Each structure stands twice: as structure tokens, then as C-alpha cells.
Protein chains: 2
Amino acid sequence: MSLWLQLEQAGAGRQRSLDEVLAAIPWNADGLIAAIAQQHDSGEVLMLAWMNRTALEETLRSGRVCYWSRSRRALWRKGESGGHVQRLLVAHLDCDGDALLLQVEQQGPACHTGRRSCFYNRLEDDRLTVASSPP
Amino acid sequence: MSLWLQLEQAGAGRQRSLDEVLAAIPWNADGLIAAIAQQHDSGEVLMLAWMNRTALEETLRSGRVCYWSRSRRALWRKGESGGHVQRLLVAHLDCDGDALLLQVEQQGPACHTGRRSCFYNRLEDDRLTVASSPP
């Protein structure tokens, strides 16, 4: 039985080693897992990005969020250029181990457009409406 | 200039037709986009799943969330078997058009394990800890 099936039936408090978990994650064809960043106190969903195993290990070890940039094909330490760091408070994996939810303290905007969140394009009533202006 | 670059610079209130948006979404190699479901009032992130164009159009039209099940390779009308429907309040696309945030009213649990959220596996201190028991 896979680790994920075992954990489905496990009660609160059951534990596994990080090594076992990292080996069981069903990384996609590019070796990545989707990661959602959520501001820990307001609950605002800030962005969706991707991590490879190295990025996830660094994030958990350092407490600063590191993604994998699919466009640059490189580790992407969030905020390393503009200072808009994401400090990790807690990370959760989902039931089948193929998505991460990161609760973070976001310094400044999360979005490269300068908006707080990347999710500013509202879909409603058969059209898209930009919900917030860039600064 | 791509639609997404135009919208990056657009002020609040700028609009585009849904047809134009659906044609511009950078669907992945399987024709899918990632969709995050968030309980609209509590802010709890419930799950991450996938949609193809048909699923997204149906969701926006009907107001009930329909995903694409990658394992069953079929449309997955959330709750159609167990009644745990997700009613859509509002959907947002992110800055590069490759992720959706769905604010929903979730009836009952979102997770197939019976837990409210799929994100019950906490990663902390070099281990995974199950954060909530199945019902």
C-alpha cells in the first residue's frame, strides 16, 4: 500500500520521516510538484508555483520559500532580487502527495506585477475583469 | 504582446471576453490548468485539482465546480456521487493565466478521505505529521 493510502487512514499525530515522504512524492514528468502560497493570517492565496525536490528541501530547511522557475530552469529563491521574501510558517502536502500548501509571511507583493496576489483576473459573467491595478 | 502581458499593465476594471481568455490560456501538455479551491468565507484552502477547457466552461456557466479527473480521464462534477458539491462564488486567473483560484461554498468535506481539506499532511521538523483524523 502506498504511503499516501496509509496516511489516508491514519489518525492525527501519525508520523513519517521526511526522507520517506520525499521519496514517495509523485513528482511530475519534469520532477516538480505544485505549491500554493497563502498568507498565513489573512488567508489570501498569493500565487501558485512549482518546486523540485531540491527547492522543497531547501525551503523546509531554511524557512524561506524557494521555487523552481520553469521559465528560467533554475532555483528561484523568492525575493532574492526584489526583497519580497516568503517566510514559511508551515507546509502541508495533500492526500495524494502531489500538491503543497505553504502558509507564509509575504514581505511586500507576491506578484511580479507589484500586486499583492497573482490572482487579479476575475472571471465572471462571460468576461474577465482586472480586479486590481498595478502600483 | 500576449493577453497576459496586456493585463499585467491594465488598471482595475479593464475587461476581455471569455472567448478571448479561453483561447489565450496556456493549457499544459495534457490540455489542463491547475485549479485551487478555497472556502470563500473561512479562507481555508480545500484542494488542488485540474480542469480542461470543457470543465472550466461548464463551471463558469453552471456555478457548480467541474474538474477533469486525471486518473479517470473524465469530467468530474465535484459531489455528483457523494453530494459534496462545490458551488462557485468567484473565479480568478493568475498573472500568466496558468492557474485558477476558485472561491467556493463547499458542502461537507472536500477530500475523498472525509476530511474537510486535502491538505492534512503537515511537513515540519524533518517529518510528516498527520494533522487531522479521518471521520
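A polar contact is a pair of N or O atoms within 3.5 Å; within protein, one must be able to donate a hydrogen and the other to accept it, and residues adjacent in sequence count only if both atoms are side-chain atoms.

This is a predicted model, in which local features need pLDDT of at least 70 and side-chain atom pairs count only at pLDDT 80 or more, while totals for chains, interfaces and linings use all residues. Residues are numbered from 1 along each chain as its sequence is written, chains are lettered from A in the order in which they are written, and side-chain values use heavy atoms, without hydrogens and water.

**View 1. Polar pairs across the interface of chain A and chain B.** The rule finds 34 residue pairs in polar contact, both at pLDDT 80 or more.

**View 2. The salt bridge of B:R70 and A:D98.** The two side chains meet at 2.8 Å, N to O. The count between chain A and chain B is 2 salt bridges (a side-chain nitrogen of Lys or Arg within 4 Å of a carboxyl oxygen of Asp or Glu).

**View 3. Buried area between chain A and chain B.** About 4,500 Å² is buried, 62% of it from carbon and sulfur atoms (accessible area, 1.4 Å probe, that two parts lose on being put together, summed over both). A:F119, A:L123 and A:L128 supply 15% of the area that chain A buries against chain B, more than any other three residues.
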